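Subject: Structure handover

Hello,

Please find the structure below, with notes on what came out of the analysis. Could you look through it before you set anything up?

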Amino acid sequence: MDVYSGWKQPSWMVDSKRMRMTLNLPWLLSALTLLHLTIQAHSLKRGAAQDLKCTTKNMHVWDCTWSASAGVSPGTVKEVCIKDRLNSCHRLESTNIKIAALSPGDHEVTINYLNGFQNKFTLNEKDVSLIPDTPESLNLSADFSTSTLHLRWNDRGSAFPYPSNATWEIKVLQNPSMEPVKLVSFNTTLSGQDIVHHWNWTSDLPLQCAPHSVGIRWYIDHHRFSGYKVWSDWSLLKNISWTPNSETNVFPQDKVILAGSDITFCCVSQTKVLSGQIGRTFCPLIHLYGENVAIRIQNISVSENSGTNVVFTTEDNVYGTVVFAGYPPDVPQKLNCETHDFKEIICSWNPGRPTGLVGPRNTDYTLSESISGKSVAFKRFETLTNESYRLAFQMLPGQEIHNFTLTGRNPLGHAESAIFINITERVVPHVPVSLRVKDINSTVVALSWHLPGNFAKINLLCQVQICKASSEQEVRNATIKGAEGSSYLVAVDKLNPYTLYTFRVRCSTETFWKWSKWSNEKRHLTMEAIPSRGPDTWREWSSDGKNLIIYWKPLPINEANGKILSYNVSCSSNEETQSLSEILDPQHKAEIQLEKNDYIISVVAKNSAGSSPPSKIASMEIPNDDILVEQAVGMGKRIFLSWHPDPNMTCDYVIKWCNSSRSEPCLMDWIKVPSNSTETIIESDQFQPGVRYNFYLYGCTNQGYQLLRSIIGYIEELAPIVAPNFTVEDTSADSILVKWEDIPVEELRGFLRGYLFYFQKGERDTPKTRTFETGHSDIKLKNITDISQKTLRIADLQGKTSYHLVLRAYTHGGLGPEKSMFVVTKENSVGLIIAILIPVAVAVIVGVVTSILCYRKREWIKETFYPDIPNPENCKALQFQKSICEGSSALKTLEMNPCTPNNVEVLESRSIVPKIEDTEIISPVAERPGECSEADPENHVVVSYCPPIIEEEISNPAADEAGGTSQVVYIDVQSMYQPQAKPEEEQGIDPGVVAGYKPQMRLPINSAVEDTTAEDEADKTAGYRPQANVNTWNLVSPDSPRSTDSNSEIVSFGSPCSINSRQFLIPPKDEDSPKSNGGGWSFTNFFQNKPND
Amino acid sequence: MEDPQADSSISFLPHLEAKIRQTHNLARLLTKYAEQLLEEYVQQQGDPFGMPGFSPPRLSLAGLSGPSPSHAGLPLSERLRLDAAALGALPALLDAVRRHQAELNPRSPRLQRSLEEAARQARALGAAVETVLAALGSAARGPGPEHSATTALSTANSAASIFSAKVLGLQVCGLYGEWVNRTEGDLSQLVHGGVA
């Protein structure tokens, strides 16, 4: 039996889909190949038909074909019989037959030929292919604005058993490549009826950019058909093309797209497109069809308000379009709905992220209320950006519950937000208006205001803010029954009389949601009331004790309760009563002539509302002899006072104070302190630093006031403004007694804490004594803390020495100015005596010893110094001259030559005699006869007497310089050079003018300049001039020990030929010494220890 | 001015001379305003508007075109008549541009104000030039171009794309500057007595 178990799929169906292909492909290919080979073998052997193929379009009729065997023409077929079917033989003359669908299972098919051949096949439904007819699309249309294709077709479902699943495949082709740009498949169900299907597709590339074609095919899957399901043929392509116009060449036009997405723009052009750009960015061109090009924009950014321009430039034109890239609406945020007046509901929200789209592309909002079914649209305000949007919804009477949905839409999408509210719990009243205030009495006012809105069904909660002028603020709540469009009234009590208040109001509801805004402020002055108490009162007796001065203080505004118009004062005793009426404010003092008896003074303040309770005080004080004066110092403008509690004081304490420098009765002010207090701080703007005040503490008893304490004090201590005035009471050689006076209180400016006394050596004109430098080692300081001490003796001083004395007072506020004085101590008389006696004694001893020696050696002396016949070889003078002449060629002019002795001439001293305070007695020592031709040393014996030099100096440099200070200086000066000293103006006399002989050589004495001048002048002088080089001569002071040394180099002094040896008798000026120390020694100085000297 | 009196040297009456000078000053002022308007306009349109090298071709505006190259060769009176006609047509065009910009750039009120003022100023300058022409004995051509230009632009605005509207607005702003500038030049000749 020939069994066909398989069927080879035609070659043109290779790419078709086989739905029953459950085996894997290699196995299937092997089986088919084997089956084919088997059939071929049978056919060739028996001359049978080959390749029986059966297909069906609708599963009702099978269409089978086969190919005739070799040697058998197709027209020789006689009949085809199917074995297990009635009337199963079909006569035919071709190799094709249509038969009704066979039941599942194998069926034997026999093909009989006219020539007697016979072929047998086994036919099974599984071998039949279901190939539906090619679908025919009814319509293909395009929406060019959205680049969308719309396809319609009929599935012809009535021709198929139902339900059947149909799978469709649609392809979209785009010129020029004709490759599918889109291939999509989807399923439908055949319901036994012809159904028209729709398919839409939006192209990335605008449809205008290129012709588009669409084809469709399908296959059917029925659960009872076990054969092959094969795709139908593709339908004929339907084409869509755009007819270009002259105006628009770039696509898409004015499109709104999501920011960040990709988009393709194309330009339809007949000429070559040179460039394409978006904004200022040029993009690579994609060539499409003909000269048409496109550019692809990826991740496009949010556009400006006017959109993003896309421009294509051709050789002769510029084409463009605008794209708007933005975002769909964000979900409305912070959606809130509330009412101000129960007439409309105001919903506000935040739009969230900006869409980047404006104008017609901006977001439109719609507020819908689901219960009432009403909705309102939001009117676009272009000026709004990110602030809250508001929308008013008219309330329906009686509706409290609202379910709002807010929807925002723009071309890119929509978003919504919902809120469910009870409007009675979302009330924010309007601002209260027409606020008015009306007096009820001095402490109560009525406040009224208007509140627009219908609040009839709820209670209002309102707040009244009360502000006093002193910025004190109070808020009071009031619950009010609501009404419709009504005014509301509340009473505000507990106010102060005659006080300026500022009122304002805001309201909410009892079910609090939000406060309204505050109303405008309303200022109001409450009515006056009588003063709550009498004024603070004090009294003082006049200095003569005949008048009583009554003081009172103005009442503070919170106690005056109105404007005080006048005061009434009365003084009453057992015998009489005196009154002073209508003392107008602001006078706060009255004086009444009274005997010094006990009176009760009463003071009453009056305003327009009435009189205050009287304030009473007794005229007399309770005496107290046990009063100590204490000290106190304050801080800033305040001073702190404390006292011990006194149970006897039952009323209060009074502290009064006054400036201590004022005359009695002195009263600056007073304060009252409760009787249970033991301390207080007194503060007054009148207090000034450095001023002494007297404070008096009074205690109040039933009998009157009693002085308890007296305090002097300063708010702040300052340094004294004057120096203590001091004088020198006594002066000795080693001590000075100083005495000073008190500083007046007004100038002390604080409590005196002591004195500082400085002293040091120094004279008035010495710079270093002008001021005392801190830390100077020579300054001696004495701190006198005993302020009762008024004298000071300074001991251990040096005699005949000038001292600089300074005295300063100090307080805790600092040091006061200084007062200084110069004092010279007296001379030490014992030292003076010793200074005289010791040289005399030494001279006598030396004279006696010399006389004795000369007497005993008189023969030797005579032989040696005064022989009868002098031996020239023994003449020292000649030896000396010889050695000199041999040793120095420069002194050859001094060789012994017969010469005429020079005249003796007295030289002028060019030195200025310094100021010498000592009194010097200078006695030249007698010449020693044995010392031939040596310079005579001059020994000065100085005997000084100096009465104390007193120099008084007040530290006033200007005054010092002006010489205004009285000064007495006792100076006795003698100097051996003084008669020879010449004023400086005389030194300027030209020596050439002097007549007579003059030695032609002058020695330098002072300076090289003068040397030069002198030499120049000498050059002008005619006559003989010794050629000695005087520069080689050393000038030695006569008081120098060297001057007496005969072996020294200065032996030329002794030359009998010296022409000017006298010059060395004049000592050079010691520039560094202000005194004539070089002129001789003072015995006084010798015996004194003067380190400064 | 085409009559012999006009072609000869014109003896300006003082008030006429003052009017001409005033109109000339107005034109000179509007020249600067027109430059500012164009600058502000291109700034609000985004790139590549205002970029160097971006010069879209001129669209056809019925009833109004730019001053032709032969304008300078015309008699002065004819030039002033053309100026007045163009200035009469510009306000409607500027208003149309303003309406479009109000929709396109709603958050740029300054540009809208500038366009509104430009329309008013063009109208004032056109009226002033007509007054001068009338004083000189030459009548203007009437309000014809304004109506046709308005119609053309309205049609263009409604049908054309936004890009075309932008280009059209650019062209209108440019025309405004060109005509104001040309008017200023023509009035300058009149001020200096250079009547052709």
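Conventions

This is a predicted model, in which local features need pLDDT of at least 70 and side-chain atom pairs count only at pLDDT 80 or more, while totals for chains, interfaces and linings use all residues. Residues are numbered from 1 along each chain as its sequence is written, chains are lettered from A and ligands numbered from 1 in the order in which they are written, and side-chain values use heavy atoms, with hydrogens and water left out.

Chain B

Chain B has six helices and zero strands, giving the pattern α-α-α-α-α-α along the sequence. Helices (H or I, at least four residues) and strands (E, at least two) are DSSP runs, numbered from the N terminus. Of the 196 residues in chain B, 49% are buried. Buried means under 20% relative accessible area, exposed means over 50%, and partly exposed lies in between, with a 1.4 Å probe and protein chains only.

Within chain B, B:Glu78 and B:Arg81 form a salt bridge, with the closest N and O atoms 3.0 Å apart. A salt bridge here is a side-chain nitrogen of Lys or Arg within 4 Å of a carboxyl oxygen of Asp or Glu. About one helical turn separates B:Glu78 from B:Arg81, because they are three residues apart in helix α3 (residues 76-104) of chain B. Both B:Glu78 and B:Arg81 are buried.

Helix α4 of chain A

An unreviewed UniProt entry annotates residues 830-855 of chain A as "transmembrane region". UniProt positions are given in the numbering used here, feature names are shortened, and annotations may be inferred rather than shown by experiment. In the model, residues 830-855 of chain A are 100% helix and 0% strand, with the end C-alpha atoms 37 Å apart.

A nonpolar surface patch of about 590 Å² is formed by A:Ile833, A:Ile836, A:Leu837, A:Val840, A:Val844, A:Val848 and A:Ile852. Patches take residues with over 30% relative accessible area and no salt bridge, joining like charges within 9 Å and nonpolar side chains (Val, Leu, Ile, Met, Phe, Trp, Tyr) within 5 Å. Accessible areas come from the Shrake-Rupley method with a 1.4 Å probe, and for residues only the protein chains shown count as cover. One of the patch residues, A:Leu837, sits in helix α4 (residues 829-856) of chain A. A:Leu837 counts as exposed because its relative accessibility is 53%.

Two sheets in chain A

Four strands of chain A make an open antiparallel sheet in the order β29-β28-β31-β32. Its edge strands are β29 (374-377) and β32 (413-422) of chain A, each pairing on one side only. Two strands pair if DSSP finds at least two bridges between them. Strand β28 (residues 364-369) and strand β31 (residues 401-410) of chain A are joined antiparallel over six bridges. A:Ser368 has A:Thr405 in β31(A) as its bridge partner.

The other sheet is open too, with three strands of chain A in the order β40-β41-β44 and antiparallel pairing. β40 and β44 (589-593) of chain A are at the edges with a single partner strand each, so one side of each has no neighbour in the sheet. Five bridges connect β40(A) with strand β41 (residues 547-552) of chain A, and the two run antiparallel. A:Trp541 has A:Leu548 in β41(A) as its bridge partner.

Salt bridges

How many salt bridges does the structure hold over all chains? There are 22. Two that link distant parts of chain A are as follows.

- A:Arg539 and A:Glu621 meet at 4.0 Å, N to O. A:Arg539 is in strand β40 (residues 537-541) and A:Glu621 in strand β48 (residues 621-622) of chain A, 82 residues apart. A:Arg539 is buried at 2% relative accessible area, whereas A:Glu621 is partly exposed at 36%.
- A:Asp730 and A:Arg793 meet at 3.8 Å, N to O. A:Asp730 is in strand β56 (residues 726-731) and A:Arg793 in strand β60 (residues 791-794) of chain A, 63 residues apart. Both are partly exposed, A:Asp730 with a relative accessible area of 34% and A:Arg793 at 41% relative accessibility.

Regards
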